[in-house]
Amino acid sequence: MKAVVYEEFRAPLFVRNVPDPAPRDHGVVVKVNATGLCRSDWHGWMGHDPDITLPHVPGHELAGGIVAIGKDVTLWHEGDRVTVPFVCGCGSCPQCVSGNHQVCDHQSQPGFTHWGSFAEYVALDYADTNLVPLPEAISDVTAASLGCRFVTSFRAVVDQGKVTAGQWVAVHGCGGVGLSAVMIANALGANVVGIDIKEDHLELARQVGAVATVNATVIPDVVEAVREITRGGAHVSLDALGNPQTFFNSVANLRKRGRHVQVGLLVADQSRPSLPMDQVVANELHILGSHGMQAFRYRDMFAMIEAGKLAPEKLIGDMISLEESVEALVTMDRFDWAGIKVINRF
Ligand SMILES: [Zn+2]
Ligand SMILES: [Zn+2]
């Protein structure tokens with residue numbers, strides 16, 4: 001099969017012919033019809049992820065059809081159209097048994113712990129636990145674009161943030177993750193404030209439901225601005241970027257008993273940001289992480305998409321070929337596209 005391969009971190013990637021994957025006993029092989037391009041793939045290529053062994057094939061936001069099935073798989077058939085969470089659970093550890101596959105003790109992640117979906121085929125583990133059937137109304141490209149950003153935002157806003165109608169929600173960073181969060185919180189009836197440093201991102205945030213925006217390059221005190229707009233602070237605030245400053249602002253702009261949800265990754269030398277712990281104690285703030293979403297939670301998200309309350313296709317940017325993904329991946333840190341790029345030609 002054709003696949004995007006790198007043999008060293010930060011070294012050139014190539015489209016190569018490599019052996020087709022075979023399913024493990026509990027797994028399947030999926031023919032990839034669409035796969036999203038994500039900053040996590042860039043972090044992997046940079047060498048920030050200790051799970052990756054070389055040579056490696058990136059890609060974890062995928063949709064496609066099952067072409068081969070392991071002998072222990074009971075729920076799936078060849079030809080089934082599926083997607084998969086970027087964190088795949090084992091199905092049997094204490095986390096999985098408690099319904100928290102997103103923090104499985106033995107998690108696998110296509111594109112990290114094994115070869116991913118920047119390829120014609122990808123192997124997926126524990127298919128009965130992890131595969132998600134795609135409704136007819138949701139295209140392969142849309143399903144791939146849900147990838148990790150939209151589903152992570154869904155869990156962050158709905159399950160971790162517990163956002164309800166009428167609440168004020170602040171979203172720091174309006175890239176792919178942040179715009180998804182704005183759309184989802186707005187659909188739940190919250191009043192959303194989008195914060196970013198780029199006016200075109202803020203324009204998109206308003207288009208997908210933000211009632212107010214703050215340009216952090218123009219407004220000197222973001223925390224004060226959010227407190228003023230929200231009349232006392234946000235009930236729920238997300239750092240959708242993953243940066244020490246946006247993290248700090250997201251915690252500091254909460255009202256009493258507010259909930260901060262960390263969605264953006266803080267890696268390498270940014271992984272230990274400072275925290276206004278005085279406010280956390282005095283105001284009884286909640287600090288939460290959000291890491292992917294379990295396969296069984298996709299059903300509620302799909303229902304909102306099918307009902308027209310969520311329109312993730314609005315967040316799709318360019319559709320590109322496998323060959324074009326090589327250049328797009330290595331330049332991800334230089335170009336901050338608002339729309340999600342999806343590979344749909346292999
Ligand atoms: Zn598990
Ligand atoms: Zn991703």
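Tutor: Helices (H or I, at least four residues) and strands (E, at least two) are DSSP runs, numbered from the N terminus. This is a predicted model, where local features need pLDDT of at least 70, side-chain atom pairs count only at pLDDT 80 or more, and totals for chains, interfaces and linings use all residues. Residues are numbered from 1 along each chain, chains are lettered from A and ligands numbered from 1 as written, and side-chain values use heavy atoms, without hydrogens or water.

Student: Which strand does helix α6 run at about 170° to?

Tutor: Helix α6 covers residues 176-187 and lies across β8 (168-172), β9 (191-196) and β11. Here contact means heavy atoms within 4.5 Å, and angles run from 0 to 180 degrees between N-to-C directions of lines fitted to C-alpha atoms, for helices over the stretch in contact. The strand at about 170° to α6 is β8.

Student: And which strand does helix α7 run at about 170° to?

Tutor: Residues 199-207 make up α7, which lies across β9 and β10.

Student: Which are the edge strands of the open sheet?

Tutor: Six strands line up as β10-β9-β8-β11-β12-β13, with parallel pairing (strands pair if DSSP finds at least two bridges between them). An edge strand pairs on one side only. That describes β10 (212-215) and β13 (286-289).

Student: Which residue in β12 stands opposite Ser237?

Tutor: Follow β11 (residues 234-239) alongside β12 (residues 254-262): they pair in the parallel sense over five bridges. Opposite Ser237 you will find His260.

Student: Which residues coordinate the zinc ion (ligand 1)?

Tutor: Donors are N, O and S atoms within 2.8 Å of the metal (3.2 Å for Na, K and Ca); water is not among the atoms, so sites may look incomplete. Along the sequence, the donor residues are spaced C-x2-C-x2-C-x7-C. Each gives its SG, at 2.3 to 2.4 Å: Cys90, Cys93, Cys96 and Cys104.

Student: What is the arrangement around the zinc ion (ligand 2)?

Tutor: Cys38 (SG), His60 (NE2), Glu61 (OE) and Cys148 (SG) coordinate this zinc ion at 2.0 to 2.3 Å. Four donors count as tetrahedral if all angles lie between 85 and 135 degrees. The angles here are 94 to 122°, so the arrangement is tetrahedral.

Student: Is Glu61 buried or exposed?

Tutor: Buried means under 20% relative accessible area, exposed over 50%, partly exposed in between (1.4 Å probe, protein chains only). Cys38 has 3% and is buried. Glu61 has 1% relative accessibility, so Glu61 counts as buried.

How values were computed: Tetrahedral: all angles 85-135°; square planar, octahedral: opposite > 155°, others 65-115°.
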